[in-house]
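Please take a moment with the sequence and the model before reading on, and keep both in view as the paragraphs below move from one part to the next.

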Amino acid sequence: MNEFLYLYRGGQRGESPDQSQQIMQKWLAWMKDLTASGNLKDPGQPLETEGKVVKGKGATVTDGPFAEAKDLVGGFTIVVADSLAHAAKLAGGCPILDVDGCVEVRPVMKMDM
Amino acid sequence: MELSDHLFRREAGRMVAALTRAFGLHNLALAEDVVQDAFCRALEVWKLRGIPENPSAWLMKTAKNRAVGVLRRERTALTFAPDLGRLLQTEWTLANAVEEMFDPIGIKDDQLRMMFSCCHPRLSAPAQVMLVLQLVGGFGAREVASAFVSSPAAVEKRLSRSKKTLAESGVLFDIADAADFALRLPVVQRALYLIFSEGYHGASAHAVIRTDLCCESIRLTRQLAEHPLGAVPSTLALCALMYLDAARLPARLDASGDLSSLFDQDRSRWDREMIDEGRAWLERSASGTELSRYHVEAAIAAVHTDAPRFEETDWAAIVSLYDTLMEIAPSPVVALSRAIAVAQLRGPQSGLEAIDAVNDRDRLAEYPFYYAARGELELRRKNNAIARDYFQTALALARNPVEQRFLKKRVDACA
């Protein structure tokens, strides 16, 4: 089994409390499925939207990361899957897809080759 | 850990009410923003980390933190409620003030205060209802639109106009003033009644949203009945009416999801617990001398729920109650309901005569069940062709697919 990182980008907020609750319940169901199938390695963490970017030899600090809201990483999860294709297939059930967001799937490099 | 249904919606109402008291009515939009932010945070964190031990407390705490942040940042730029303004002068009293505004006992009063504020006399009845649903009930514009068969954009526009009026009115309603309370109470009762009616008789095709409206109006009416000044007989009667009507909701749609008239509802599907609850409220409402329209309507509902079979309904009692209702709160819809009861008691000919005698009948011109009632009575008189025409007219006015299917069946019954 290989590890993969899911990066959640974008996604609309719920328009009403009820809608937010529905979106969240879909997430909980999806996470539960991933756990039940043994594919969830680490549910990960949500990220704040603010941040700083440190750059160059002078370690200049600027406000960042300046991505547009639709590209901003809002959180991550680590899953295990047979292959990149399998991991991508699993990501197809992510509720962020219902609200205009996307999942970036990245294989984690292995230590032992 | 599972979330209870509509937890977010309930909490939204509580938090908006608490924050509006703190920030002042003129900062209503700010209070709504803080609440919206709290839900976004909850969504982001909970979806990955799971639901916390005490979700309500988590939400409240998050809103509290956002509120402190806003107050720190904006206290010089914005003017706040007079009480708060004084407390914001130092960092220490600021934190205390925020703590105090989320006190659970206070929040209950806050919601009632918000309910009364939403029923501002400068707003129309539909505008008041929409505001109560959104600000006290936590419904979104899309949900309100679905309830009132309107477009979300139109509802959004109307809501924002009403909120502007509300914000301009300056101060929240003072629920401690007994005289003002008594004056505003009928308006609040009417708004709650309208929310219920929209759920019970309304045009929305979404059964879910309609049940939601019934449950929400019952919840809010109960809150009103828990307040010493709100617990007058008319409020208790309103509560009784809602329970007794809502008890019959489960039987209104048959197994195939089609509308089922009172004539052939499966009465075993009526909710016995709700009927008992309604009866208890009705008994409590009988103290005092006040006889409100809600008393009479609850009594009518009670007669229906008393009958184990449709044929055993006490129509004489129902007609007499409708006569009383026509004296207290006359309207073409009440007169039409009375005419239908008259038909049950004295036959279709008398029923049709009673319909012909309805004042302001033109106000029913768009109401499909006006024509359906005429069709039903003509059908009983074996005037099938005339009945069919009436049902066709009703069908053309049907407001959703459920009504369409029901009326189509009635058209076919005339063959």
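Which residue just after α9(B) takes a positive phi? In this predicted model, Gly170(B) is the residue that does so, with a phi of about 90 degrees.

We turn next to the place where the two chains meet. Here 28 residues of chain B are in contact with 26 residues of chain A, and the area buried between the two chains is about 2100 Å², of which carbon and sulfur atoms give 57%. Of the area that chain B buries against chain A, 32% is supplied by Leu43(B), Lys47(B) and Leu48(B), more than any other three residues supply.

Between chain B and chain A there are 4 salt bridges and 10 residue pairs in polar contact. A salt bridge joins Arg13(A) to Asp37(B), with the closest N and O atoms 3.2 Å apart. The elements that give two or more residues to the side of chain B that touches chain A are α1 (7-23), α2 (28-49) and α8 (141-147) of chain B, and α2(B) gives the most, with 13 residues. Sorted by class, that side of chain B has 12 nonpolar, 6 polar and 10 charged residues.

With a relative accessible area of 27%, Glu3(A) is partly exposed.

In chain B, the side chains of Arg374(B) and Asp356(B) meet in a salt bridge at 2.8 Å, N to O. This pair links helix α18, which holds Arg374(B), with helix α17, which holds Asp356(B), across 18 residues of the chain. Are its two partners buried or partly exposed? Arg374(B) counts as buried because its relative accessibility is 8%, whereas Asp356(B), at 40%, is partly exposed. Finally, Arg9(A), Glu104(A) and Arg106(A) are joined into one network by salt bridges that share partners.

Terms used: Residues numbered from 1 in each chain as written. Chains lettered and ligands numbered in written order. Predicted model: local features only at pLDDT ≥ 70, side-chain atom pairs only at ≥ 80, totals over all residues. Heavy atoms only, no water. Helix = DSSP H or I, 4+ residues; strand = E, 2+ residues; numbered from the N terminus. Contact = heavy atoms within 4.5 Å. Buried area = accessible area lost by both parts, 1.4 Å probe. Polar contact = N/O pair within 3.5 Å; in protein donor to acceptor, adjacent residues only side chain to side chain. Nonpolar A, V, L, I, M, F, W, Y, C, P; charged D, E, K, R; others polar. Buried < 20%, exposed > 50% of the residue type's maximum accessible area, 1.4 Å probe, protein only.
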